[in-house]
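Here are a few notes to read with the structure open beside you. Take the points one at a time and find each residue as you go.

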Amino acid sequence: MHTELLTVDPQRPEPERIARAAAIIRRGGLVAFPTETVYGLGANALDSAAVQKIFAAKGRPSNNPLIVHVTTLAAAKSLASAWPEVADRLAARFWPGPLTFVLPKSDVVPALVTAGGPTVALRMPAHPVARALLDAAATPLAAPSANRSTQVSAVRAEHVVRALSDRIEMVLDGGAAWDGLESTVVDLTSNVVRILRPGPIDSILLGEVLGYEPSQVEVRAEERDGALSSPGQLRKHYSPSATVELTLDDGRASALRSATAGLRVGWLPMPREDAPPKEAANVVYCPMPRDPAAYGRLLYDVFHRLEAAEVDVIVVESPPMTSAWAAVLDRLTRAAAT
Ligand code: TXA
Ligand code: MG
């Protein structure tokens, strides 16, 4: 299958281009598109045969459920069999935006989308291209990140092309995704809201709406049978093919050791005034920002760049272990898991 790369204006996507993408969705095909978090790989969520193609294109295990995207509250509610009051409050504050709700599914959601489980993940994206595609297709879109299973999520169209070329019909190129990390996933199925996957909306922001700071669920998903409660919880995920080493110091010694051993190294220290790095052969120096949101925006882009540079090892200085860094720390820990 030939993959068409179609450029769209990220702010005012051209209706005739969006219409072509929507027609592919209506026919049961796959279209990758930018969202404010990462690129998504979309299919008509109500068409099991179309959804099946997502699993095939990504090489994704069928016990890993998908997020369903909508542009209206009414559409979200039609996909859930219960809609607690807390969902209204969170939607009022954070939708459209990078927050995904897990709720009991309604009968219209195919079992394949939820990996046979009783709950469905719902998100209302803010990105104009995602919204235009959803509106033109006039159906909810099941859309995981547009990468091969367990690999680093795509944050630019070229990352999608590298990973999924000839496996999908179209990539809408709307420039870089904004946040650079996947949405925060919250479980709204019980009285206490819990974070299944940390993301751009952190526990402190959620706490402002909830009245308490929600905690993050740690599930050893790979030890469980059947549908995963949150596949983002798979220990190894979001991984470049290089070995990722997470260090508590700045990583300099580790980077130089690998370089001296003849390996190609990517080195991601936190910014510091003292001791600027000496240029070392075989070391690609990627200083990272001190602000968690800016760091999140850059991380996958840097991983993709280092992947293209075919480094063997990526040495990352760990950011501070605070709530504001939860999403970045989560992705780094998983990238470093063996
Ligand atoms: O930002 C995002 O969320 C992106 C864009 C494209 O919207 N999508 C994304 O999808 O990251 P994916 O498939 O790569 O990640 C799926 C995540 C899982 O890690 C899990 O947390 C959650 O969605 N998920 C899906 N269905 C679920 C369910 N029924 N129960 C719990 N978690 C679910
Ligand atoms: Mg993913």
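1. Let's start with a salt bridge (a side-chain nitrogen of Lys or Arg within 4 Å of a carboxyl oxygen of Asp or Glu). Aspartate 187 and arginine 194 form one through their side chains, with N and O 2.9 Å apart. Aspartate 187 has 8% relative accessibility and so counts as buried, while arginine 194, at 32%, is partly exposed. Here buried means under 20% relative accessible area, exposed over 50%, and partly exposed in between (1.4 Å probe, protein chains only).

2. A word on the model before going further: it is predicted, so local features need pLDDT of at least 70 and side-chain atom pairs count only at pLDDT 80 or more, whereas totals for chains, interfaces and linings use all residues. Residues are numbered from 1 along each chain as its sequence is written, chains are lettered from A and ligands numbered from 1 in the order in which they are written, and side-chain values use heavy atoms, leaving out hydrogens and water.

3. How many salt bridges does the count come to? There are 11. One of them joins glutamate 208 to arginine 93, the closest N and O atoms being 3.1 Å apart. This pair links distant parts of the chain, with glutamate 208 in helix 7 (residues 203-210) and arginine 93 in helix 4, 115 residues apart. Helices are DSSP runs (H or I, at least four residues), as are strands (E, at least two), numbered from the N terminus. Glutamate 208 is exposed at 51%.

4. Next, look at aspartate 330 and arginine 331, whose side chains meet in a salt bridge of 2.8 Å, N to O. Both residues are buried. Shared partners join Glu182, Asp330, Arg331 and Arg334 into one network of salt bridges.

5. Lysine 58 is buried but has no salt bridge, and the nearest side chain of opposite charge, glutamate 182, is 8.3 Å away. (Lys and Arg count as positive, Asp and Glu as negative; His and the chain ends are not counted.) The side chain of lysine 58 does reach the backbone oxygen of asparagine 147, at 3.3 Å.

6. Finally, the aromatic rings. Rings of Phe, Tyr and Trp (its six-membered ring) pair if their centres lie within 6.5 Å; planes under 30 degrees apart are stacked, over 60 edge-to-face, and the rest tilted. The whole structure has five such pairs. Tryptophan 83 and phenylalanine 101 have ring centres 6.1 Å apart and planes at 55°, so the pair is tilted.

Note on methods: A polar contact is a pair of N or O atoms within 3.5 Å; within protein, one must be able to donate a hydrogen and the other to accept it, and residues adjacent in sequence count only if both atoms are side-chain atoms.
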